[in-house]
Amino acid sequence: MTNEITTPPAPHKSPRRIGTVLSFVLALAVLTYVGNWFAAAFWLEGRIDDWAAAERAKGNEIAYGTLRFEGFPFEMSILAPDVLYQRNREAVVETVATDRLRLSAKPWAPLDLTLTAENGLTAVQKAPAQGTTVTLTSAPDTTINAKFYNSGVLEHARLSAASGRLVSHREGDPVGPREAARLGATTATLDQADSVASHTDASAVVSLTTARLETPALKQLGSAADHARLSLEATLRGALSGTDATDLALWRDAGGTVDIDRFTLSLDPVALKLNATLALDQLLRPEGAGTLEIKGFDEVIEDLISAGHLTRDAAEVARLVLGAFSRNSGTDGTRVVSMPVSAQNGRVSAGPFTLFRFPAF
């Protein structure tokens, strides 16, 4: 008779025990996420309070109503009612206000923020000494996407507005506030370096596009176009800590410059294109040089004649002078004027023509 030794089968884990462990792990994960959500939300609120305190210490005014937390669980959303920010510069008072500002971010990316002015915003720049006020109002749901470096320095910002309205007013003007422009489908971006070591380093890149720019100045120039398209891209070189006269002077003295990489203004059938490098003179006026291209200048001259800005004799002289700087476009054969542009001693000139003058800062 043979004795056989058999190994008993391994005991199976109880399904109930496995379910208990999974439930515990899931509950722990949920509690951890909830804790992180509230921690991130309160951290964000603390950063807002710290920023407001720092601005007040500079003499600026910050005001907002009771903050309300929303968006749980997949978004941190803070609704701030009756927001007012007023910056007092040397000769200018700047104010931005909105009655409903929503700040939102993902809990796992609290440095990547979206600010939405749900009912639009109003920005006012007032120069008491000159008695001038400029007011910009934007459409509802104007948004600003902002991303920050870990150091707290702004890395990227993008403003998007469906439309806007610019109004200017000068004290004593019997007409009252005048509409200066209407903007449609406008975006503006700012990309900024975390640190700048040299005046040749690109500290910021700014871009602006407006799909539709309506302004009375078009009619005053005699243009048949009812709107223009605007595009700008510029690179700031050197560290600029602010926009007051002292900040600008320090930036200038350190060798700071601005490269206008691309500026285009199109009002069919005319198009302007400019690139230039600018600095500041001792009176903080732009100085530098670049190149201006004008496509469709024959039409411009005819519009100026029709509007009464040029006589026929002056127009013929202008055609002769501009013709010396012209070439034929490689795309459609249209004549294109390409001429040097300079800014010096407060005067901006294109070729032999003085365009306008800059006042001192």
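Helix α5 has four residues tucked away as buried (under 20% relative accessible area, with exposed meaning over 50% and partly exposed in between, using a 1.4 Å probe and protein chains only): A315, A318, R319 and L322. They sit on the same side of α5 because they cover an arc of only 105 degrees around the axis, taken from the directions from the helix axis to the C-beta atoms. An α-helix has 3.6 residues a turn, so residues three or four places apart point the same way.

A quick note on the source: this is a predicted model, where local features need pLDDT of at least 70, side-chain atom pairs count only at pLDDT 80 or more, and totals for chains, interfaces and linings use all residues. Residues are numbered from 1 along each chain as its sequence is written, and side-chain values use heavy atoms, leaving out hydrogens and water.

Back to α5. On the face turned away from the buried side you'll find the exposed residues D313 and L320. The buried residues pack against α4 (297–306), β16 (326–328), β17 (335–344) and β19 (353–357); helices (H or I, at least four residues) and strands (E, at least two) are DSSP runs, numbered from the N terminus.

L322 is also among the residues with the most contacts inside the largest nonpolar core, which has 15 residues. Such a core is a set of buried Ala, Val, Leu, Ile, Met, Phe, Trp, Tyr and Cys residues joined through side-chain atoms within 4.5 Å. β17 gives the most to this core, with four residues. Leaving aside neighbours within four places in sequence, L322 is in contact (heavy atoms within 4.5 Å) with F297, I301, V337, M339 and F353. A second, separate core of 13 residues includes A40, A41, I48 and L67.

Now for some residues elsewhere in the chain:

| Residue | Burial | Relative accessible area |
|---|---|---|
| N60 | buried | 9% |

W51 and Y85 form a tilted aromatic pair, 5.8 Å centre to centre with 35 degrees between the planes. Rings of Phe, Tyr and Trp (its six-membered ring) pair if their centres lie within 6.5 Å; planes under 30 degrees apart count as stacked, over 60 as edge-to-face and the rest as tilted. W51 lies in helix α1 (residues 15–57) and Y85 in strand β3 (residues 76–88), so the pair ties together parts 34 residues apart in sequence.

N60 is found in the loop between α1 and β1 (61–63). Its side chain reaches the backbone nitrogen of N88 at 3.2 Å.

Conventions. A polar contact is a pair of N or O atoms within 3.5 Å; within protein, one must be able to donate a hydrogen and the other to accept it, and residues adjacent in sequence count only if both atoms are side-chain atoms.
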